[in-house]
Amino acid sequence: MLKITLKPKLFSFYLVPVLFTFFVTGLQAQTIIAIETRSNALVLKSEANKDLGTIYFGKKLTDKTEYEQVPGTYKQTEDYTRVLNAAYTASGSRNLVEPAISVTHADGNNSLDLKYLSHQRTQVNENIALWSIVLQDPVYDFQVTLYYKVFYKEDVIEQWASIKHNEKGNVILHKYASANLHIKGSGYFLNQYHGDWAKEMQPEESKLTHGIKTLDSKLGTRANLFQPPVFMVSIDKPATENEGQVLFGLLEYSGNFRTDLEVDYQDNLRIISGINNYASPYTLKPNEAFVTPVFLTTLSAEGKGAASRNLHNWARKYKLLDGEGNRLTLLNNWEATYFDFNEQKLADLLKDTKKLGVDLFLLDDGWFANKYPRNGDVAGLGDWEENKEKLPNGISSLVKEAKNNQVKFGIWIEPEMVNPKSQLYEQHPDWIIKQPKRAEHYFRNQLVLDLTNPKVQDFVYGVVDGLFTKNPELAYIKWDCNAVIYNAHSATLKNQSHFYIEYVRGLYKVLERIRAKYPKVPMMLCSGGGGRVDYAALQYFTEFWPSDNTDPLERIFMQWEYSYFYPAIASSNHVTDWGKQPIKFRTDVAMMGKLGFDIVVSHLNEKDLQYCKDAIKNYDALKSIIWQGDQYRLANPRETGIASMLYLNEGKSEGVIFNYLANNRYGAGSSAPILLKGLDPVKKYRIREINLYPETKSTIPADQVYSGDFLMKVGFNPELNLTRTSVILKIEELK
Ligand code: GLA
């Protein structure tokens with residue numbers, strides 16, 4: 001390993017002996033870096049000239065020394081640049097394709113070349129290793145350190161870059177990706193997502209053609225409204241649930257992101273992902289580090305199911321706040337009352353919370369603002385004092401009332417936003433994101449506060465801290481974020497091209513402060529639905545709101561797609577009045593994640609109420625399997641019109657299978673058995689139907705015994721048909 005601290009001007013002197021070493025001792029001057037997980041290897045090689053490139057990304061080899069032979073097995077057309085496979089592609093020198101980094105040096109020069117300098121591997125704990133690789137420009141005093149954090153057991157790698165220089169003035173970063181992958185295959189199939197309000201996570205699969213496909217966001221806040229920062233790429237052929245090589249990728253970032261997928265002229269796939277550099281050239285001072293957000297990958301040779309289970313295990317253990325902890329079931333008043341409530345109505349809902357048997361009552365939007373009362377979405381945002389007309393005795397009396405009913409109390413806030421009709425808007429015009437010379441443009445009648453401003457950060461922190469300080473027993477926060485950023489401009493930020501980046505930094509600073517003081521209070525990450533679901537934010541939140549669309553039929557599809565990337569414990573699913581399905585269907589679908597209700601309990605007839613109460617009891621008994629178990633997608637509603645999903649505990653002794661008919665055509669139903677997965681073939685299992693609607697009987701015999709072998713080779717029929725559209729099965733090992 002080459003270990004020299006470079007002074008740029010001296011570098012050429014060092015370079016000579018290095019090249020000399022290569023000619024004299026052959027391979028010695030080359031370095032192979034094999035970053036291995038349980039199943040895979042990402043192998044980088046520093047060539048004799050110190051270019052660092054990817055030479056392999058795939059299944060791990062038994063003998064590490066053989067990685068070196070991989071490049072020789074390819075007879076592709078010539079790489080005129082010799083950096084097509086660069087581990088971090090620099091622009092302005094030999095590169096001819098999409099760069100990972102692009103800069104203007106202090107002297108105005110636009111070229112960058114990055115040479116391998118050194119690397120290090122630190123074993124963080126039994127499962128985690130951190131690699132860092134230092135790259136250095138041979139002419140300029142400019143360095144990039146690439147980080148690879150390996151979660152061995154979960155086959156997950158997190159990557160990011162730290163960019164630094166010691167030039168005589170500032171350097172402008174025009175592009176600053178987190179990761180730059182290089183993959184070889186006979187074809188690449190991208191599974192991407194698009195959406196809108198109430199239409200989150202709509203999948204699309206296509207074969208990548210030569211050129212660049214970009215997935216990105218330029219929305220600033222609610223950044224995922226049109227597109228989330230997650231995707232899959234199948235290599236060679238489209239992967240299925242249980243077969244094929246597939247890479248899941250995602251950027252852990254809550255702002256503008258950009259992922260370029262480029263099939264180059266050699267037919268290799270280059271994936272470059274990071275913060276979107278759109279409108280964001282970044283001025284980097286000497287000796288300051290620009291650290292990119294994290295880009296995550298997990299590679300599976302056994303299809304999408306295995307990749308998702310690895311990701312769930314990783315998320316619960318290492319990323320999602322309190323991922324292995326408890327969650328609260330709840331009753332929310334949003335769709336029950338909208339903005340129209342008062343103390344009495346809420347007191348009744350608190351009684352309903354208790355009656356239903358859930359843990360917490362969540363008071364939604366509409367509880368605040370006096371000069372411009374929050375009686376609709378046109379006014380009041382920003383004025384976070386209780387509305388005296390609706391709540392003359394304040395939040396504290398509601399918290400007390402909740403306690404009297406032996407339930408907990410939670411509250412909705414949207415602290416980053418402001419309505420023009422608010423006192424906040426009148427008092428602090430300079431706290432608001434807008435262009436001074438242009439007309440204001442609203443999204444849901446509101447504007448975004450300027451979180452690049454430390455005073456605004458204090459204000460937003462103060463909204464949360466104030467609520468907890470005044471109401472120490474407040475047990476839950478739903479944090480909403482409904483608007484995108486138009487007219488991006490800060491009244492106080494010196495360099496406007498830092499705006500989008502500083503906004504996200506400001507947001508994380510606030511969340512850091514909140515979590516330093518309130519480490520575990522559950523908080524739901526909501527953004528007009530799923531407009532801000534990402535793993536950087538989920539470090540501070542216990543759960544997310546996938547969509548305002550709670551029609552259970554839609555949710556079957558939406559939750560299915562979310563479930564590839566996020567574990568069920570993080571998905572807040574509420575039973576509402578959306579859709580035409582009966583209460584059983586609605587409740588069953590909501591039970592597939594973190595269960596909640598948003599209905600008028602007093603409108604339920606006796607049997608519906610009884611059903612809900614029983615279902616909540618079942619849920620309480622099963623929730624540890626739903627939250628912590630392994631998820632197996634058994635039947636895909638997009639392919640078969642039937643959805644079937646199994647959650648299985650670690651010991652393979654207990655599980656729950658959710659089955660739905662997602663098609664109501666004549667004769668629709670489960671005519672054939674559905675193959676189970678993940679069971680122990682030698683174990684004996686009993687399957688029985690639960691969550692039966694009062695006075696109905698299951699058509700499934702309760703005493704039949706099956707081997708795991710049978711269930712995985714022949715399968716089980718949940719007997720779905722037009723009269724049985726939702727069937728929940730409990731599977732248990734017979735001991
Ligand atoms: C957003 C959320 C909803 C609800 C409303 C309140 O749309 O997604 O769940 O909280 O705001 O205004």
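Is Y278 buried, partly exposed or exposed, and what is its relative accessibility? With a relative accessibility of 37%, Y278 counts as partly exposed, where buried means under 20% relative accessible area, exposed over 50% and partly exposed in between (1.4 Å probe, protein chains only).

The model is predicted: local features need pLDDT of at least 70, side-chain atom pairs count only at pLDDT 80 or more, and totals for chains, interfaces and linings use all residues. Residues are numbered from 1 along each chain as its sequence is written, and side-chain values use heavy atoms, with hydrogens and water left out.

Rings of Phe, Tyr and Trp (its six-membered ring) pair if their centres lie within 6.5 Å; planes under 30 degrees apart count as stacked, over 60 as edge-to-face and the rest as tilted. Among the pairs is the tilted one of Y278 and Y500, with 6.1 Å between centres and 35 degrees between planes. Because Y278 lies in the loop between β16 (269-275) and β17 (282-284) and Y500 in helix α8 (residues 499-517), this pair ties together parts that are 222 residues apart in sequence. Helices (H or I, at least four residues) and strands (E, at least two) are DSSP runs, numbered from the N terminus. Y500 counts as buried, at 13% relative accessibility.

Lysine charges also sit over tyrosine rings, as tabulated. The criterion is NZ of Lys or CZ of Arg within 6 Å of the ring centre and within 35 degrees of the ring normal.

| Charged residue | Ring | Distance to ring centre |
|---|---|---|
| K184 | Y74 | 4.6 Å |
| K218 | Y278 | 5.7 Å |
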